[in-house]
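Open the model in your viewer and keep the selection tool at hand. The stops below say what to select and what is there.

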Amino acid sequence: MELRTRDLGVRLGQRQVLDNVSAIFAPGRITVLLGPNGAGKSSLLKSLVGLIPGQSGDVLLNRRPLRVISMRDRARAMAYLAQDPVVHWNLIGRDLVALGRLPHRGAFGGPSRADMVAVDRALADTGTQDFADRPVHSLSGGERARLLLARMLAGEPQWLLADEPLASLDPAHQIDMLRLFRRAADRGAGVLLVLHDLNQAARIADDVLILKQGCVAAMGTSQDVLTAPLLSRVYETPIHQIAGEDGMRLFHASGT
Amino acid sequence: MSRPAKLLSLAALMVVLFALSLMAGKVWVPFDAWFGTDPRWWIILELRLPRAILGAAIGGMLGLSGAVLQGYMRNPLADPGVLGISSGAAFGAVAAIFFGVGGSLLLLFGSAMAGAAGAILLLGIFVGRSASAVSLILAGTILASLGGALTAFLISISPNPFATSEIVTWIMGALTDRGYREAAYALPCIAIGMALLLTTGRALDALALGEESARSLGVPMGGLQALIVGAVGLGVGAGVAVTGVVGFVGLIVPHLLRPWFGERPSALLLPSLLGGAALLLAADSLVRLAPGANEVKLGVAMAMIGAPFFFWLLLKYRGRILWN
């Protein structure tokens, strides 16, 4: 099981948003994508799931180029959580989570037994059973975020790709979400997260990929990459490392 | 109440309204006059049965289209009119009347369907491969006003007052005097359109998460849009070709049913089909029962019922509707 890009180049309009990006992502690990605004993090995530096509190079899923893999097979292998996710209709929680089973369902007929089992498991794993019969528009942002994560898990994907899943969550819910992603990784899924908060990244990442202006600025284990000099260079602002408790790294941007 | 029970009740309501539509009119035909040697049986068989069948089919198609388009555009204000297909078909039919061939059902129907096809073609050119609901709604709105303008143009240059009057009467939309021949043209198109639209439920559900998330769940957005536009064009186009423009059914029906069947788009498709049929049958019975020498036009009646409903909807959902 492997997900990688090889010399990936993506243009959107006139802008080269990704340039020669070669990166490998490992199953069972959490890779955090970092970089300044507009560095191409979201574009990389979308290219990986096949939402925007590359002009050059390849995305390889299990050594096969993504473009020869059917949309359905891609959807089974990879679950994607968009930035600022919306739920347009006032679905009940269970129906929202069941959307994650779409790539597994036949053209007609109701959900199979396996579908229902997977939905129940996803609800249980995220602690959202209580929301199963509640309309999602009546839930808080944190509760909805957990349901959306359950929607990803319900598809039993090998890869979870989430674009800023912690945005607009309070600290308790942020930690809660990170714990759920960690558990998915422990069960063997590869997890890719776009984050903005360096300290959350330091808390959760096994591996870190830093993008800058569409290019890979650094890639490696969290220990190797998340260092004050490297981060200061990438973000072009002085960033200091503060020793946290239990060896935890904390970063502080002091500004110029 | 379980979902099958709700569906059965809705179907039963439709059957009752269908029967009522056979009875109702200037000549009231009670149930015990059916099937017999009673001469009024002829009224039912020759006049009211084809009209009721057409009404049910067109109402069903409009209701279903409304549910599909609201789901696809994630906008509770969408209905078949926003695609501009109704206006295109109406313009085609008006052109046939304008050129004096409106008396031939084949030419009238063909011209209306050509108008619908033209609208679909223009939608395809304007929207292209972007497969985005926003560009579709914008292109459709422009097409709808273009179709309306072209129709008004034909009326304004029409040299003879009879043609003008015929056009204006036709545009208002009615099932009056529509018979088996009209049904034979329209029903196959409507049946195909309905069958295609009923397959879109899963994809519409996925769209509740937005276009990108739906694609990431394996929904081919370009194919879905082409399917919806084609199926609505075929079914609604055929409906407009035989009755003229009957608005508001597609807008109202899904709203009436959401509190009962839930907001999940796929759960609304079949109910909206049944509900649309029921609503149009009821409205058509009412216009026949209304006093006066001339029937109120069905399209006019629907608009008079529909517009206040629409205002009520706006008040109820104020702030919560639109694109979110």
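**Stop 1: chain B as a whole**

Select chain B and follow it along the sequence: its pattern reads α-α-α-α-α-α-α-α-α-α-α-α-α. That amounts to 13 helices and zero strands. Chain B has a radius of gyration of 20 Å, close to the 20 Å that the globule rule gives for 324 residues, so it is as compact as a globular protein of that length. Keep in mind that this is a predicted model.

Along the principal axes, its C-alpha atoms fill a box of roughly 60 × 55 × 35 Å. Of the 324 residues in chain B, 51% are buried. If you take the contacts in chain B between residues at least 6 apart in sequence, 77% of them join residues at least 24 apart.

**Stop 2: two helices of chain B**

Now select residues 3-23 of chain B, which form helix α1, and residues 265-289 of chain B, which form helix α12. Their axes come within 9 Å and cross at roughly 25 degrees. Angles under 35 degrees count as roughly parallel, and α1(B) and α12(B) are therefore roughly parallel to each other. The crossing of α1(B) and α12(B) is left-handed.

Show the side chains where the two helices meet. From α1(B), the residues in the contact include Leu7(B), Leu10(B), Met14(B), Leu17(B) and Phe18(B). From α12(B), they include Leu270(B), Leu274(B), Ala278(B), Leu281(B) and Asp284(B). By class, the residues of this contact are 15 nonpolar, three polar and one charged.

**Stop 3: Phe248 of chain B**

Go to Phe248(B), in the loop between α10 (221-243) and α11 (249-261) of chain B. Its phi is near 75 degrees, a positive value in a residue other than glycine. Is Phe248(B) buried or exposed? Phe248(B) counts as buried because it has 23 C-beta neighbours inside 10 Å, and the cut-off for buried is 20 or more.

**Stop 4: Asn62 of chain A**

Move to chain A and select Asn62(A), in the loop between β4 (56-61) and β5 (64-65). Asn62(A) also has a positive phi, near 50 degrees, and is a residue other than glycine. Here there are 11 C-beta neighbours inside 10 Å, so Asn62(A) counts as exposed.

**Stop 5: where the chains touch**

Finally, show both chains. Their contact takes 19 residues from chain A and 18 residues from chain B. On the side of chain A that touches chain B, helix α2 (residues 71-77) gives the most, with three residues. That side of chain A has 14 nonpolar, two polar and three charged residues.

Definitions and conventions. Residues numbered from 1 in each chain as written. Chains lettered and ligands numbered in written order. Predicted model: local features only at pLDDT ≥ 70, side-chain atom pairs only at ≥ 80, totals over all residues. Axes fitted to C-alpha atoms, helices over the stretch in contact; angles between N-to-C directions. Helix = DSSP H or I, 4+ residues; strand = E, 2+ residues; numbered from the N terminus. Parallel < 35°, antiparallel > 145°, perpendicular 65-115°, else oblique. Left-handed = near helix turned anticlockwise from the far one by under 90°. Contact = placed C-beta atoms within 7 Å. Nonpolar A, V, L, I, M, F, W, Y, C, P; charged D, E, K, R; others polar. Buried ≥ 20, exposed ≤ 12 C-beta atoms within 10 Å, placed from the backbone. Rg over C-alpha atoms; globule rule 2.2 N^0.38 Å.
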